[in-house]
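Hi there,

Here is the structure I promised to pass on to you. Have a look at it first, and then read on for what I found.

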Amino acid sequence: MKRLAALLALLAFGCSPAGGKDEIYVQRFFGECDAQYGQVVDLARAEGECGIVTALFNRFEAEHQDVAIDVNVVAWPGYAQLAAQMAAKDPPDLVTMHQGVISDYVARGLLEPMDDILREAQIDPADFTTASRRGVTKEGRIYGLPWDTIGGLFHINTRLFAQAGLMRGGKPILPRSPAELLAHARQFKRATGKPYLVQSQVNDPATHVRNFYTYMLAQGAAIFPDANHVELQTPEARRVVELFRTIEREGLTTRNQDNPAAIASFLNGDGGIFPTGTWMIGSFEQEAATPGRPLYGGYAVFPYPRLWGEPTPFVDGHSWVMPKRDRSPAQRRALVRLIRFMADHNYDWSRTGHLPAFRQIVESEQFRSLPHRRDIAPLAETGALLPGYVRRQGAIEGLIGEELQAAISGQKPIDGALADAERRVNELLAQTT
Amino acid sequence: MSAGSRRAGMSWPALIGVTIGAIIMAAPLVWTLLLSFKDSAELMRDSGAAFSGPYTLENYQAILAGSSVFRWLLNSIIVSIGTTLGVLALCSLAGYGFARLDFPFRRSLFVFVLLGLAIPEQAVILPQHQLFAELGLHNSYPGLILPGLAGSFGVFFMTQYFKAIPPELDEAAMLDGASRLKTFWTVLLPLTLPAQATLGVFTFLASWNSYWWPLISATRSDMYTLTVGLAASQMNYAQTSGLGFLMAQAVFASIPILIVYVIFQKQIVRAMAGTAVR
């Protein structure tokens with residue numbers, strides 16, 4: 001009988017998934033790399049998004065023996081699974097979410113405001129960068145721990161820029177107006193025989209939309225005047241599309257390339273500027289440090305130049321959000337500690353190339369001494385998101401991107417494409433609200 | 001007629017056409033295979049590098065070293081075999097019923113079943129998900145297997161096959177005193193083995209490759225099937241910075257299917273040629 005009781009006790013304890021610890025269920029994207037980083041707790045040894053986030057959770061568990069984290073890695077971007085989990089009333093405790101997506105979940109009451117839990121974790125939202133604070137603030141409340149700012153940058157081949165006479169004081173000369181951009185591009189092509197821009201234009205609506213939103217916001221255009229409408233048949237929109245159409249028509253850009261092809265072009269020195277995201281800095285920097293490669297010793301990166309009005313590059317960001325669900329006080333306390341830990345290690349995450357979410361880190365010498373970070377740091381303050389009331393941003397990006405591609409490639413007249421984009425987005429928003 | 005004599009009888013233009021077709025079909029597969037043996041950083045610079053060395057096994061080592069990949073493989077095997085066995089059992093019984101038994105509304109019910117062929121999975125995904133949530137079956141093997149059992153195609157396929165078997169066989173068995181169940185089990189079912197093999201192979205392939213339902217039903221990584229698990233293990237920019245690993249995953253996921261194809265090649269070819277029901 002004693003044996004049976006002991007066996008039952010053993011089973012009860014042994015079968016408990018967390019072995020008596022407070023268990024938190026975390027869900028994230030960024031891939032799975034346990035094979036390489038499953039045992040790594042030294043954050044300096046971790047590289048890349050997957051490596052660093054894996055090492056962070058390892059480190060947290062090593063430092064907090066009384067908390068067990070069940071990390072579920074989902075297929076990018078994981079929103080289909082999250083929606084399914086919410087429908088089944090079994091969402092995770094903490095989950096990665098793009099800041100542009102938060103509105104969709106807030107509007108349906110699926111996320112918990114995090115003002116209180118951030119206060120418990122002694123995290124002051126005033127310490128967030130401007131872009132990050134905007135990204136997680138919806139309807140006046142904070143719905144996430146911002147984790148970074150991601151956005152478009154001008155990745156530049158400075159060797160070709162020097163050949164084109166577009167370097168001054170060791171830095172590339174960037175245009176300050178649309179006319180100057182075209183003049184630089186023509187000068188670049190004459191001098192090098194190569195296109196000024198390397199662009200990913202095929203199957204990549206995000207690229208078109210990033211350029212478009214950035215220069216629409218710079219002109220002070222109200223792209224979404226309210227939650228139910230988009231306004232794209234405007235002089236501001238026409239100016240932006242006409243600029244990119246001219247670049248395309250004059251052969252000042254690579255053509256018909258998807259993202260992998262555009263990356264290969266830039267790595268092989270086939271053009272001057274590759275407008276793409278913060279996430280490519282690591283790969284390009286690696287090439288710039290490899291002798292014999294076309295980018296060797298000739299790579300720089302800057303935020304999009306101001307061509308109109310104010311410098312307001314369109315950005316997004318990753319954040320950690322809390323789906324609504326029942327949690328025990330112990331689980332909540334464990335979450336507070338995890339959130340505090342993640343905030344404390346925001347610098348480690350910024351080694352991915354993304355900008356930190358905390359102003360203090362952006363301004364730190366530790367961050368600014370990382371390659372190129374001093375040059376891109378302004379993005380954390382100037383970066384702008386769409387208004388918090390705009391829902392279905394991913395689907396909208398697809399629709400606008402499709403029409404922009406048609407207009408820029410010359411398949412559709414610019415006015416027609418903008419009208420179609422406006423109509424299609426408004427139809428989508430009408431279905432949403 | 002032997003394969004050799006059939007080939008000998010083929011005209012040159014036809015042979016050239018078939019060869020070109022085969023090359024077009026095989027080229028992406030060969031390319032995928034070559035990419036899987038290349039270093040991802042090299043492919044980021046030039047995906048054409050797949051056609052020249054050096055080649056590496058690193059991508060496969062990374063897959064095999066992944067902590068969960070064998071768990072996902074096991075899940076896929078359990079779900080695919082479970083679904084296949086379930087479909088064969090249910091569709092054989094239903095097919096026999098529709099082909100041999102006379103019951104009220106038989107024709108209407110059969111038409112109703114056939115309507116299922118016209119309804120895509122996505123159209124019923126919401127109520128299906130809600131139902132399984134209410135039953136508490138998500139993140140479980142029954143949750144992954146049960147939806148795959150409701151197959152209109154299988155019922156239709158087996159019904160047609162049973163109809164093609166002469167009813168005199170049933171009558172003879174019953175005259176000898178066999179019950180209906182015994183007649184089904186010992187006389188008719190063995191005659192449907194070619195159809196069972198064809199249906200089994202198709203069901204196994206479909207279940208193995210299934211992605212949408214496992215994606216939203218199995219949301220815990222220990223219940224992922226191989227397709228979902230491999231997708232989850234990809235980094236965000238796998239198509240650019242991890243192409244070699246991505247292709248190795250594709251090859252790895254297709255190996256069990258390749259084995260099934262080699263074993264059941266005859267049935268698959270028969271089914272494709274539309275001869276299995278004759």
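**An open sheet in chain A**

One thing to keep in mind from the start is that this is a predicted model. In chain A, five strands come together in an open sheet with mixed pairing, and their order is E2-E1-E3-E13-E6. Its edges are E2 and strand E6 (145-146) of chain A, each of which pairs on one side only. Within the sheet, strand E1 (residues 22-28) and strand E3 (residues 94-98) of chain A run parallel to each other and pair over two bridges.

**Chain A as a whole**

Chain A holds 21 helices and 13 strands. Its radius of gyration is 24 Å, close to the 22 Å that the globule rule gives for 433 residues, so chain A is as compact as a globular protein of that length. The C-alpha trace spans about 90 × 55 × 35 Å along its principal axes. Of the 433 residues in chain A, 49% are buried. Taking the contacts in chain A between residues at least 6 apart in sequence, 75% link residues at least 24 apart.

**Helix H21**

Helix H21 of chain A covers residues 414-432, which makes 19 residues. From first C-alpha to last it reaches 27 Å, close to the 27 Å expected at 1.5 Å a residue. Which of its residues are buried? They are A:Ile414, A:Ala417, A:Leu418, A:Ala421, A:Glu422, A:Val425 and A:Leu429. These residues cover an arc of only 130° around the axis, which means that they lie on the same side of H21(A). They pack against two helices of chain A, H11 (235-249) and H20 (393-408). On the face turned away from the buried side you will find the exposed residues A:Glu427, A:Ala430 and A:Gln431.

**Where chain A touches chain B**

Finally, the contact between the chains: 28 residues of chain A are in contact with 28 residues of chain B. On the chain A side, the elements giving two or more residues are helix H2 (34-37), helix H3 (48-63), strand E2 (67-73), helix H4 (79-87) and helix H12 (259-267).

Enjoy exploring it, and write back whenever you like.

Best wishes

Definitions and conventions
Residues numbered from 1 in each chain as written. Chains lettered and ligands numbered in written order. Predicted model: local features only at pLDDT ≥ 70, side-chain atom pairs only at ≥ 80, totals over all residues. Helix = DSSP H or I, 4+ residues; strand = E, 2+ residues; numbered from the N terminus. Rg over C-alpha atoms; globule rule 2.2 N^0.38 Å. Buried ≥ 20, exposed ≤ 12 C-beta atoms within 10 Å, placed from the backbone. Contact = placed C-beta atoms within 7 Å. Expected span 1.5 Å × (residues − 1). Arc of directions from axis to C-beta. Pairing = 2+ DSSP bridges.
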